[in-house]
Amino acid sequence: MSSQAPPTDAGAATAWQRLLAGLPTLLSSLLAVAIALAAGGVVIALSGDNPIPAYQALFEGAFGGQRAIAETLVMAAPLILGGLAFAVAARAGLFNIGIEGQMVMGGLAAGLTAAVDVGLPAFVHLPLALIVGTIAGGIWGFIPGILKAKTGAHEVITTIMLNYLAYRIITVVIGREDLPLVNPALQATQPALEAAELPRLLEGTRLHAGIIIAILAAVVIWYMLYRTVFGYKLRTVGLSAGAAAYAGFSWGRTIAVAMLISGLLAGLGGTVDTLGLQGRFYNVAIGLGFTSIAVGLVGRNQPFGVVLSGLLFGALAAGATKMQNTAGISRDI
């Protein structure tokens, strides 16, 4: 008479194993955030101010009510997309420091497209502006990717150079007095038409559909990285170029496509900021791309970790204004 062991839920066991395996990473990230906040408190105290009311104001500005939470989500949306851009490149073993340039190129292209008045309905004009801005960022990311693949040019150098080139391009375009789509006096594009603006999600706040786009992008990138053959190739190339070559993976093609996807995400981040928050593109260096690098690093280059990290940085950005106004602590802290 044979006996059989009771069946077990292998899927559930695997899920728990993955959760436990990721617990040390989560705890270390939380510890890093706690240490950073403690260090910030020390800086505030050394400057002669009280960190307790400062952090109270910071928390209230980020989470103290519907408007505060909405503002946190508004600030987080482009940072999540920029963080995802950095994460995709990092998974391929690349350091994309050109997210800033890719974002501003995407924002400029989206702003110009959104200002074109040819009577397009919203279901055409808005997707068109989103697509054009995303593609512009993708092109700006693909250039250093193909240079890396074909010539071995280091992406840090080429992306830094392209950042400066992007700044020059937008300055020239925005300064064109003969271009009807721009307003040189404001150093901005003309206002986006209503048909090309991202819809508001909550009346009385600035919360727009960009946060939904950012969350959906994180889901898509997670699926691509961990549920597709290309994602496996990309991660293999990032871990070991030699192992990838032994397995027959094309190193050059993979990193070029990875930088293209990274640029597309960054361009989408700049587009969301233009069409959702600003209503036009401004020629002002706000540094979203550079902050996005920190978002990716704090999120450990994991798509859902980047979402949490983006929300953290969004909360800091949203709460900083109230901290400055209420507690008198500079938002730069």
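Select Asn163 to begin, and show what surrounds it: leaving aside its neighbours within four places in sequence, Asn163 is in contact with Ile97, Gly98, Glu100, Gly101 and Phe290. Keep in mind throughout the tour that this is a predicted model. Asn163 has its place in helix α6, and with a relative accessible area of 4% the residue counts as buried, because buried means under 20%.

Stay in helix α6, which covers residues 155-174, and now select Tyr164 and Tyr167, which both lie in this helix, three residues apart, or about one turn of the helix. Are these two tyrosines buried or exposed? Tyr164 is exposed, with a relative accessible area of 57%, whereas Tyr167, at 22% relative accessibility, counts as partly exposed.

Next, look at aromatic rings, of which the structure holds five pairs. A pair of aromatic rings is described by the distance of the centres and the angle of the planes. Select Phe59 and Phe63, whose ring centres are 5.2 Å apart and whose planes stand at 50°, so the pair is tilted. Both residues belong to helix α2 (residues 51-63), where they sit four residues apart, about one turn of the helix. Phe59 is exposed, with a relative accessible area of 52%, while Phe63 is partly exposed, with a relative accessible area of 41%. Return to Tyr164 and Tyr167 for another pair: their ring centres are 6.2 Å apart and their planes are at 85°, so this pair is edge-to-face.

Now move to helix α11, residues 288-298, and colour its buried residues, which are Leu288, Gly289, Ser292, Ile293, Val295 and Gly296. If you turn the view until you look down the axis of α11, these buried residues fall within an arc of 160°, so they line one face of the helix. Which helices do they pack against? Showing the neighbouring helices, you will find that the buried residues of α11 pack against α3 (66-91), α4 (99-115), α10 (251-278) and α12 (303-327). Before leaving, select Arg300, which follows α11 and has a positive phi, near 55°.

From here go to α4, and select Gly106, which lies in that helix. Gly106 is buried, with a relative accessible area of 0%. Leaving aside its neighbours within four places in sequence, Gly106 is in contact with Gly133, Ala136, Gly137, Gly267 and Thr271.

For the last stop, display α7 (residues 210-227) together with α10. Two packed helices are described by the angle between their axes and the distance between the axes. Here α7 and α10 pack at an angle of about 170°, with their axes 10 Å apart, and that makes α7 roughly antiparallel to α10. To see how the contact is made, select Gly210, Ile213, Ala217, Ile221 and Met224 on α7, and then Ile261, Leu265, Leu268 and Val272 on α10. What kinds of residue form the contact of α7 with α10? Coloured by type, the residues of this contact divide into eight nonpolar, one polar and no charged.

How values were computed:
Residues numbered from 1 in each chain as written. Predicted model: local features only at pLDDT ≥ 70, side-chain atom pairs only at ≥ 80, totals over all residues. Heavy atoms only, no water. Buried < 20%, exposed > 50% of the residue type's maximum accessible area, 1.4 Å probe, protein only. Helix = DSSP H or I, 4+ residues; strand = E, 2+ residues; numbered from the N terminus. Arc of directions from axis to C-beta. Contact = heavy atoms within 4.5 Å. Phe/Tyr/Trp six-rings, centres within 6.5 Å; stacked < 30°, edge-to-face > 60°. Axes fitted to C-alpha atoms, helices over the stretch in contact; angles between N-to-C directions. Parallel < 35°, antiparallel > 145°, perpendicular 65-115°, else oblique. Nonpolar A, V, L, I, M, F, W, Y, C, P; charged D, E, K, R; others polar.
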